[in-house]
Structure formats: structure tokens, C-alpha cells
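Hi,

Here is the structure I said I would pass on.

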Amino acid sequence: MSEGDIAEPLRGGSMQGQAHIVPFPAAPRQVSFDRAELQAILNLYGRMVAAGEWRDYAIDFLPDKAVFSIFRRTSEMPLYRIEKDPKLAKKQGAYSVIVSTGLILKRGHELARVLRVLDKPKVVSA
């Protein structure tokens, strides 16, 4: 046997040196929050948990948008949803904060500005 000879054929290959390659199936496309976006959301979430306002969250990465849902209790509907929808990036803005009734509190191009609607201090009456 010389240097260029192969002792046995490659698995799945043919004897003429033509190997049949099966491509790995591509993962389905989905929208997600990047590290900076998630950091901003979790900073707000941490402050609100410390204040006793929020208790749980869920993150959904869908083909058309990413959703961060905020709950007061796990068994309830989410109080707020922070959504990232890239299709709206050039129009109203990719980010929005939506209440449980479906009302959009704030929409915009910058996540920090949109999150400010949830971070405002509450007015306490005596």
C-alpha cells in the first residue's frame, strides 16, 4: 500500500471518490434579543422585583418577533409584554411595551426610551 491509497472506502462514499454529502437541516429563523437588549430588560426587571412589583417572566423567540413577558404571579396573564418586531423597525420602531389588554403603551426605535414607560416612579397619594 502506498501513501495515496486508502485501506477502505469512506462511509457513505462511493468507490470512484465521489462522496454523497447530506446537508444538515438549517435551524428555523427566529427573532431574538441581543445581549445589550436583554441586559437593559433584565436590569429593569431586577429593580421591579426588588420593589415587589413583579415576580416572574417568560421569553419567547418566534419567527417574526421576540417577546419578554412580565408577570405579577406565575398563574396570571402577563402584566406587560416587551416585544421586538424587526418588520416595524423602519416604521413605528421595532420595540414596544404592551399591557395585558393589548394596549400599546409605548413604541419606538430605541429600547431604552421604550422601557422608560415602565420605570417611571408611581405617585403616592396620602
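**What I found**

Let me start in the sheet: Ile70 sits opposite Tyr80 in β3. Before going further, a word on the ground rules: this is a predicted model, where local features need pLDDT of at least 70 and side-chain atom pairs count only at pLDDT 80 or more, while totals for chains, interfaces and linings use all residues. Residues are numbered from 1 along each chain as its sequence is written, and side-chain values use heavy atoms, with hydrogens and water left out.

Helices and strands here are DSSP runs numbered from the N terminus (helices H or I, at least four residues; strands E, at least two). Two strands count as paired if DSSP finds at least two bridges between them. On that basis β2 and β3 run antiparallel and are joined by 5 bridges. β3 also pairs with strand β4 (residues 95-99), again in the antiparallel sense and over 5 bridges. Within that pairing, Ile82 has Val97 of β4 as its bridge partner.

How much of β3 is buried? Of its 5 residues, 4 are buried, so the strand is mostly covered; the cut-offs are under 20% relative accessible area for buried, over 50% for exposed and partly exposed in between, with a 1.4 Å probe and protein chains only.

Now the charges. A salt bridge here is a side-chain nitrogen of Lys or Arg within 4 Å of a carboxyl oxygen of Asp or Glu, and by this rule the count comes to 5. One of them joins the side chains of Glu37 and Lys84, at 3.0 Å from N to O. That pair ties together distant parts of the chain, with Glu37 in helix α1 and Lys84 in strand β3 (residues 80-84), 47 residues apart. Glu37 and Lys84 are both buried.

Lys65 forms a salt bridge with Glu83, with the closest N and O atoms 3.4 Å apart. Lys65, at 23%, counts as partly exposed, and so does Arg81, at 24%.

On to the helices. Helix α1 (residues 35-50) and helix α2 (residues 111-119) pack at an angle of about 10°, their axes 11 Å apart. That makes α1 roughly parallel to α2, since angles under 35 degrees count as roughly parallel. Axes are lines fitted to C-alpha atoms, for helices over the stretch in contact, and angles run from 0 to 180 degrees between N-to-C directions. With contact meaning heavy atoms within 4.5 Å, α1 contributes Glu37, Ala40, Ile41, Leu44, Arg47 and Met48, and α2 contributes Leu111, Leu115, Leu118 and Asp119.

Last, Leu103, in the loop between β4 and β5 (104-108). Leu103 is exposed because its relative accessible area is 52%. Leaving aside residues up to four places away in sequence, Leu103 touches Val97 and Ile98.

Cheers

Terms used
Angles under 35 degrees count as roughly parallel, over 145 as roughly antiparallel, 65 to 115 as roughly perpendicular and the rest as oblique.
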